[in-house]
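This report describes one protein chain from the coordinates shown below. Please have the sequence and the model open while reading.

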Amino acid sequence: MGRRTQAERDAMTVEIGFALVSAAVLAGLTFAAISAPALLLLDLGRTARTAVLGVAVTTAAVAFVARTVHVLWRFPSRQRGHRLDGTPDPAGLSRPGSTDSSP
């Protein structure tokens, strides 16, 4: 692969930022969804509270990593003008700034 243009580097920076922010939001919501009902609505003992928090933290971490990988894994194929199933995206081929001169 050759040198990247400034626009390609900027696009990758934005994509990484989007991946991290959306993953952080998902992780926070996952943690809240698992821990809040059990901790706020039920009177749990110390051991059960620790177990629920452990499950919530672990699940939130897995959700963070999965979301980050998912977003960044899709990025190169979208840059080349392909859909996620690998077929060419006709709308992607005629984007402004495209160097393809075919109709």
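How many residues does helix α1 have, and what distance does helix α1 reach from its first C-alpha to its last? Helix α1 covers residues 6–41, which is 36 residues, and reaches 52 Å between those two atoms. That is close to the 52 Å expected at 1.5 Å a residue, where the expected span is 1.5 Å times one less than the number of residues in the helix.

## Basis of the model

This is a predicted model, in which local features need pLDDT of at least 70 and side-chain atom pairs count only at pLDDT 80 or more, while totals for chains, interfaces and linings use all residues. Residues are numbered from 1 along each chain as its sequence is written, and side-chain values use heavy atoms, with hydrogens and water left out.

The predictor's confidence in each residue, pLDDT, runs from 0 to 100. The protein chain averages 81, and 73% of the residues score at least 70. Confidence is highest in α1, with a mean of 92, and lowest in helix α3 (residues 90–93), with a mean of 53.

## Overall composition

The protein chain holds three helices and zero strands, in the order α-α-α along the sequence. Helices (H or I, at least four residues) and strands (E, at least two) are DSSP runs, numbered from the N terminus.

Of the 103 residues in the protein chain, 18% are buried. Buried means under 20% relative accessible area, exposed means over 50%, and partly exposed lies in between (1.4 Å probe, protein chains only). The accessible surface of the chain comes to about 7,600 Å², and carbon and sulfur atoms hold 67% of that area. Such areas come from the Shrake-Rupley method with a 1.4 Å probe, and for residues only the protein chains shown count as cover.

A contact requires heavy atoms within 4.5 Å. Among contacts in the protein chain with a separation of 6 or more, 56% join residues 24 or more positions apart.

## The bend in α1

Where does α1 bend by about 35°? The bend is at Ser 35, and the proline Pro 37 follows within four residues. The angle is taken between axes fitted to the seven residues ending at a position and the seven starting there.

Ser 35 itself is in α1 and has a relative accessible area of 5%, so Ser 35 counts as buried. Residues up to four places away in sequence aside, Ser 35 touches Val 52, Leu 53 and Ala 56.

The buried residues of α1 include Glu 15, Ala 19, Ala 23, Ala 27, Thr 30, Ala 38 and Leu 39. Ser 22 is also in α1 and is buried because its relative accessibility is 15%. The side chain of Ser 22 lies 2.9 Å from the backbone oxygen of Phe 18, a polar contact, defined as a pair of N or O atoms within 3.5 Å; within protein, one must be able to donate a hydrogen and the other to accept it, and residues adjacent in sequence count only if both atoms are side-chain atoms. Beyond residues up to four places away in sequence, Ser 22 touches Arg 67 and Val 71.

Leu 20, another residue of α1, is partly exposed at 40% relative accessible area. Leaving aside neighbours within four places in sequence, Leu 20 contacts Phe 64 and Thr 68. The C-alpha atoms of Leu 20 and Arg 67 are 8.3 Å apart, although 47 residues separate the two along the chain.

A polar atom of the Glu 8 side chain lies 2.9 Å from the backbone nitrogen of Thr 5.

## Two glycines

Gly 28 is found in α1, with a relative accessible area of 38%, so Gly 28 is partly exposed. From C-alpha to C-alpha, Gly 28 and Phe 64 are 8.9 Å apart in space and 36 residues apart in sequence.

Gly 54 is placed in helix α2 (residues 46–79) and is partly exposed, at 34%.
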